[in-house]
Amino acid sequence: MGASVALIIVIYLIRLFTLQLMSDIYKDRADSNAFMRRIQFPARGSISDRNGKLLVFNQPAYDIMVVMREQEGVDTLSLCQSLGITPEWYVQRMKEIRAMKGYSPLTQQLFMSQLSAQESSDFQEKHSLYHGFSIQKRSIREYTGPWAAHLLGDVGEVSPSDIEADDYYRSGDYIGKQGVERSYERQLRGIKGSEILLRDVHGRIKGKYQNGRYDVMPIPGKNLTLSIDLELQKLGERLMQGKLGAIVAIEPATGEILAMVTSPTFDPREMTGRQRGQHFAALARAPHTPLLNRAIQGTYPPGSTFKTSQALTFLQEGVITKDTRYPCVHGFHFGGLKVGCHGHPSPLDLIPSIATSCNGYFCWGLHAMLDNRSKYPSVQDAMSKWRDYMVSMGFGYPLGVDLPGEKRGLIPNAEFYNSKLHDRNNVPRWNGLSVISISIGQGEVTLTPLQICNLAATIANRGWFITPHVVHAIQDGELDSIYYKRRYTDVSPVHYATVVQGMERAVLGGTCRSAYTPNYVTCGKTGTAQNLGHDHSVFMGFAPKDNPKIAVAVYVENGGWGATFGVPFGALMMEQYLMGHLSEASERKAETLINKQILYGPQKPRSVPKD
């Protein structure tokens with residue numbers, strides 16, 4: 001009997017020990033009665049353009065927080081009226097909070113976010129009546145205008161995967177969702193602080209614990225200076241109104257992106273505050289996928305702009321010289337195969353073939369390379385060599401721009417064609433003629449507008465480029481080293497000089513004549529990319545010819561000939577940047593082009609970004 005009593009006493013003592021000394025539950029409850037730890041959120045870094053014009057800044061906002069264990073018995077009807085919500089919304093929100101991963105009834109939870117001063121004023125006057133509820137000052141992103149939405153991105157509430165990936169975040173925190181806001185989140189967000197407040201037995205705040213001795217001040221986020229020129233960006237967005245496509249401009253010497261336009265676009269000012277989710281959902285459902293950043297996520301046939309890369313490859317491989325001549329009688333003819341071309345003098349050597357955008361010339365060049373058995377043991381070997389040149393020029397893989405979601409495009413290799421073109425025994429059956437359309441930027445080849453612009457920048461630099469990027473400087477920080485290093489292609493600068501001559505000739509008297517100006521020497525190349533519907537209008541170019549300051553690529557879906565929209569758009573962008581404004585004549589031309597609406601084609605981009 002005595003042993004049984006002793007055993008029971010020992011069990012009670014052990015249980016008492018575990019409850020009082022080893023369990024955090026009662027300690028947390030005791031602490032929560034006496035103290036309240038409140039997070040102090042840092043100001044998010046601001047974003048400006050290359051000339052210091054403010055693009056994104058912060059405005060004060062307020063979050064309503066709740067400690068679930070303490071809010072029982074609150075007059076919910078009065079609370080709902082104070083916050084302008086319905087009782088049904090209140091009940092649903094409480095269910096959502098309790099269902100959150102890591103939920104604790106003892107800690108503060110986000111009840112409502114991003115209220116303006118006006119929306120929260122009634123609550124602030126009465127919040128002492130709503131035990132368990134408190135107000136917390138935050139900030140909300142503000143955009144100075146409707147420009148550069150895809151590039152800037154936006155800020156929204158963290159997802160469960162964000163919280164799981166980074167312990168910095170808690171439920172109700174905000175994070176960059178797209179654009180620069182996403183890719184430079186760690187620099188922009190800053191470091192949280194905290195303050196410890198004392199509470200009386202009724203839960204009322206009595207002041208700071210030990211006069212704030214243990215408070216930690218938040219550290220503001222870093223400010224970003226972007227490389228874009230806001231006035232150039234505005235012009236590009238004006239030009240692309242009512243059209244599908246993209247415009248990209250790069251400073252060749254630095255790889256800095258001067259403008260990145262995608263159309264259709266949206267107003268970033270609508271992607272702030274509590275209505276962000278509704279606006280995002282509406283944009284996700286909208287026709288023509290306005291959330292898609294076509295400049296880096298649209299993959300298109302590059303058309304005749306790609307001929308410059310072929311010329312460089314054929315020259316470097318010794319397949320041709322700049323004096324090699326090929327015939328073009330309204331196209332390339334070989335046996336029963338024909339690739340059409342517009343009328344021009346024939347035969348041509350390389351420089352005028354670039355200037356006139358001759359299809360026949362580049363088809364003959366690819367045939368001479370891929371089907372040359374004296375130089376390459378097999379068509380697969382020749383194809384692998386061809387692809388190596390393309391990769392060295394920045395095709396086939398993401399370039400590494402400092403924005404999320406960049407696509408790679410497609411540069412086919414020998415294995416690709418082996419799997420597509422074979423006999424019933426899976427023996428490859430193809431040659432240069434089977435894939436001839438890739439020589440003119442058609443067939444299986446696809447690039448992003450950014451990659452096309454980077455090709456223009458590489459030619460402008462005579463054989464090298466720096467990875468394109470949209471951030472010029474980080475406050476008290478440095479960019480990734482890849483945004484300073486030159487990346488050289490496998491082609492000699494002397495061959496680039498030849499292609500530059502061809503692009504200059506295209507402006508002086510070829511397919512880019514409308515880009516001519518006496519103010520500086522412009523080099524350009526048109527493209528008319530075939531499509532299931534209307535052809536796409538494409539242009540790439542740079543200026544001035546020597547010591548170039550800007551390279552531009554224009555891609556207008558269903559725009560027709562490259563000279564219809566691509567060339568004038570590119571010329572206007574170069575004039576705006578180099579001259580600082582458009583002349584009166586150019587402004588009239590711009591207005592005429594802006595008013596030309598294009599019927600959107602039936603094709604749908606390959607992917608839509610997820611929130």
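Me: In which strand is Ser 113 found?

Reply: A strand is a DSSP run of E with at least two residues and a helix is a run of H or I with at least four, each kind being numbered from the N terminus. In this structure, Ser 113 belongs to strand 4, which covers residues 108-115. Please keep in mind that this is a predicted model, in which local features need pLDDT of at least 70 and side-chain atom pairs count only at pLDDT 80 or more, while totals for chains, interfaces and linings use all residues. Residues are numbered from 1 along each chain as its sequence is written, and side-chain values use heavy atoms, with hydrogens and water left out.

Me: Does Ser 113 count as buried or exposed, and which residues is Ser 113 in contact with?

Reply: A residue is called buried under 20% relative accessible area, exposed over 50%, and partly exposed in between, using a 1.4 Å probe and protein chains only. Ser 113 counts as buried because its relative accessibility is 14%. Contact means heavy atoms within 4.5 Å, and, once neighbours within four places in sequence are set aside, Ser 113 is in contact with Tyr 62, Asp 63, Tyr 174 and Arg 274.

Me: What is the relative accessible area of Ser 120, and which residues does Ser 120 touch?

Reply: Ser 120 has its place in helix 5, residues 117-126, and is buried, with a relative accessible area of 0%. Not counting residues up to four places away in sequence, Ser 120 touches Tyr 62, Leu 115 and Ile 135.

Me: How should I read the sides of a helix, and which residues of helix 11 are buried?

Reply: The general idea is that an α-helix has 3.6 residues a turn, so residues three or four places apart point the same way. In helix 11, residues 276-285, the buried residues are Arg 276, Phe 280 and Leu 283. They lie on the same side of helix 11 because they cover an arc of only 65 degrees around the axis, the arc being that of the directions from the helix axis to the C-beta atoms. These buried residues pack against strand 6, residues 155-157, whereas Gln 278 and Arg 285, on the other side of helix 11, are exposed.

Me: How many residues does the largest nonpolar core have?

Reply: A nonpolar core is a set of buried Ala, Val, Leu, Ile, Met, Phe, Trp, Tyr and Cys residues joined through side-chain atoms within 4.5 Å. The largest one here has 95 residues, and those with the most contacts inside it are Val 180 and Trp 386. Helix 18, residues 449-460, supplies the largest share of this core, eight residues. A second, separate core of 33 residues includes Leu 239, Ala 249, Phe 539 and Val 552. Returning to Trp 386, its contacts beyond four places in sequence include Phe 306, Leu 366, Met 369, Ile 411 and Val 445.

Me: Which peptide bonds and backbone angles deserve a second look?

Reply: Most residues other than glycine have a negative phi, and most peptide bonds are trans. In this structure, the peptide bond from Ser 346 to Pro 347 is cis, with omega near -5 degrees, and Pro 347 lies in the loop between strand 14 (337-340) and helix 14 (350-356). Another cis peptide bond joins Ala 543 and Pro 544, with omega about -15 degrees, and the place of Pro 544 is in the loop between strand 19 (536-543) and strand 20 (550-556). As for phi, Ala 148 has a positive value of about 55 degrees although it is not a glycine; Ala 148 sits in the loop between strand 5 (133-143) and helix 6 (149-152) and is buried, at 4% relative accessible area. Ser 357 likewise has a positive phi, near 55 degrees, and is found in the loop between helix 14 and helix 15 (359-370), where Ser 357 is buried with a relative accessible area of 7%.

Me: How many helices and strands are there in the protein, and what share of its residues is buried?

Reply: There are 21 helices and 20 strands, and buried residues make up 53% of the 611 residues. The C-alpha trace spans about 110 × 70 × 45 Å along its principal axes. Of the contacts with a separation of 6 or more, 71% come from residues 24 or more positions apart.
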